[in-house]
Amino acid sequence: MILVSKEKHIFHLSCENFSYVLAVREGRLLNLYFGRPQPAEADLDYLIPSFYSNSSFEQLEQHLPLELPSAGTGWYGDPALQAIGPDGNNITSLKYQDYKILPHKESLEGLPSTQDPAAETLQIHMKDEYTGLSAVLSYTVIAGALARSMKLMNGGSAPLNLTHMASAALPLFGRDYEVIHLRGAWARERRLVRTPLGQGTYRVESQRGASGHEENPFIALVRPQTTEFSGDVYGLSLIYSGSFLAEAQVGDSDSLHLSIGLNPMTHRWLLGSGESFQTPEAVLVYSADGLNGMSHIYHVLYRDYLCRSPWAHRERPVLINNWEATYFDINESKILALGKKAAEIGVELLVMDDGWFGNRYDDHRALGDWYENPVKLPHGLKGLAEKVNKLGLKFGLWVEPEMISPDSDLYRAHPDWCLHAPNRPRTLGRNQLILDLSREDVQDFIIQMMKHILSSANISYIKWDMNRNMTESFSALLPPERQLETQHRYMLGLYRVLEEVTSAFPEVLFESCSGGGGRFDPGMLYYMPQTWTSDDTDAVERLKIQYSTSLVYPASAMGAHVSACPNHQVGRVTPFRMRADVAVGGNFGFELDLAKLPPEELATAKAYVTRLKQIRSLTARGSFSRLLSPYDKESVYGGNYAAWQFVSDDQLLLCYYRVLAEANPVTRRVFLTDLDPQAIYRLEKTEDLPKGLAAREFSGAALMQAGLPMVFDQPGDFNSRTLLFTKVR
Ligand code: DGJ
């Protein structure tokens, strides 16, 4: 709901989760409040700072709750907006002009964004009368969240150099906040970091030309007492797949500014007279119900209002991927042998990973040469896909279209098609260079190539990989004054390619990947409803990775595979059950040579696939909550346990894990959440129901308030259970 008080110049956006209140004073746009819902008629104008009228030294923008902190007139922090004008100064002083309420939410030109045709949008128009720079700030309340973006227009006669153009800034009050973000590295993605904020600036960023393994485009502020189940949370997430900056600036007064958007280090834009620039969309979530409360909002929003693929709402096929089974050493008969075994246990989709094209015998060559290697695939993709289909499986394929190997026919033909700076060495990453997707001819090449591949064989799934970050992110086609636009132009080019390819093949299931989860972000989810979560497939490591990824992303977005033992990344030996129980927490698949599994494990694998098919609508569409954190070393569980649940109208799946065995173990309880207290849930009898847990009925109230003992009846480390309950009344 959007309410406007014209005489007081106050805008009140609200829904059942929050109120967001803006006011205009002396041309400045102020943020008065973001938090628990306030009555529509609540008069919050007393929150407008009183020092507007006094002329003390402190009468500076620095102390105002500015919605758009900008450079040059008293805001001393990092600005959300800065434009260098024709006379060389950076004064960027936009004043309120007017507002508009649209009866819909507009798509952002060339950029992914959340969609809801029924949502209203408030647009606030600001302008700098000296340069002619104007901004339209858009606000849409959508599925319990607030979507924000900014469109800049140069109405002056001279070009303006945009150096800072954040998607959203948000002033908050009080200093007892902690910051949460998801930090990591390759194969260690999205580890949860929670730390108190002191005075100064806390930055969460990527300058890599990808959202990255190191940080996710997300930041949250919480109170020290906030838990998974209660307390304030303010989340900011950016729908973008390139370099970004999220920061919390704590000032010397009782104020704090959060912001998120393009990274000023890597993104500049020359805005010519009459031109416009659209920022990516930021999504703000407020929850009074702790971190799970925030996650529930992001999960529904990103699954139902962001992902556009028809697959967003479908059960995903159980897949097998050959990567960890064979690496580059593939050929038709190996793939078919894997497919045959997979079909026997009920797998539905076989994915052929890297190594099928050109001269690709290792990672030193052939990216760009997207035609079948005739020695490995004598019957081509078409012939292989037909044979795989005859086994009863759908056929999927790995590609890495944004890359080019120096040792490739494509590079020999087009050496200037990669990102590079003239007369400087081209830095390799994984022995490869990056195609310059800021160029339309390169975009067209990829679109044609992908359309050709997808039309050439019966391909049901694509894994779209991207295995290095940008260096020399410059383009042969841009003039010097626009070179720092290359990274953003690349993302716009990538989004154009993805738009064309995914909409031409809507029935194909696309999974994005970037050396595992190096581009696990909402921008990619718009086009591809699932992402390969991490190259680390070890079950214990995955507990943490999946747990914290779920802070923002729904389980239906996470690829999770059962892999071989000892694990290829960490060498750990875990029981099959633990590996499978962790993979149940995402889009379930296998990534190992099934022929090497002992017969009893193969039988267990088959049983898992059968069971998975019965519960996957729950994991795809149910409401997911975290119950026990593998990060929580301070709790009585010591971080040795993890648990989560999925709930739908008629089913409940509880998954719990114990990493290391304990001497004289205590039977600990797990307390469920978000159940109907009056409802009765029947624990289903399955073959592996642990001794001591009877298939019986429980009330929702008991499961939540009295808890359920976590029974493990296997000796040793790495124990787990997934228990299915049916809601009987
Ligand atoms: C990185 C991906 O994350 C892996 O799963 C695999 O596809 C390799 N690339 C192939 O090169």
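Okay, let's start with Arg-430, which is found in the loop between helix H5 (409-413) and strand S25 (433-434). Helices here are DSSP runs of H or I with at least four residues, strands are E runs of at least two, and both are numbered from the N terminus. This is a predicted model, so local features need pLDDT of at least 70, side-chain atom pairs count only at pLDDT 80 or more, and totals for chains, interfaces and linings use all residues. Residues are numbered from 1 along each chain as its sequence is written, and side-chain values use heavy atoms, with hydrogens and water left out.

Back to Arg-430: its phi is near 45°, a positive value in a residue other than glycine. Arg-430 is partly exposed, at 28% relative accessible area. For that term, buried is under 20%, exposed is over 50%, and partly exposed is in between, with a 1.4 Å probe and protein chains only.

Ala-143 also has a positive phi, near 50°. You'll find Ala-143 in the loop between strand S8 (133-142) and strand S9 (145-154). Most residues other than glycine have a negative phi, and most peptide bonds are trans.

Now the ligand. Which residues come nearest? Of the 13 around it, those are Asp-353, Asp-354, Lys-463, Asp-465 and Asp-535, where "around" is a heavy atom within 4 Å. In the side chain of Asp-353, an N or O atom is 2.6 Å from a ligand oxygen. From Gly-516, a backbone N or O atom lies 2.8 Å from an oxygen of the ligand. Trp-398 has a polar side-chain atom 3.1 Å from a ligand oxygen. How much of the ligand does the protein bury? Taken alone the ligand exposes 290 Å², and 98% of that is buried by the protein; the areas are Shrake-Rupley with a 1.4 Å probe.

Trp-398 turns up again with the rings. The structure holds 35 aromatic pairs, meaning Phe, Tyr or Trp rings (six-membered ring for Trp) with centres within 6.5 Å; planes under 30 degrees apart are stacked, over 60 edge-to-face, and the rest tilted. Trp-370 and Trp-398 make a tilted one, 6.3 Å centre to centre with 50° between the planes. Trp-370 is in the loop between strand S22 (349-352) and helix H4 (380-390) and Trp-398 is in strand S23 (residues 394-399), so the pair ties together parts 28 residues apart in sequence. Trp-398 is buried, at 0% relative accessible area, and Trp-370 counts as buried at 8%.

How values were computed
Polar contact = N/O pair within 3.5 Å; in protein donor to acceptor, adjacent residues only side chain to side chain.
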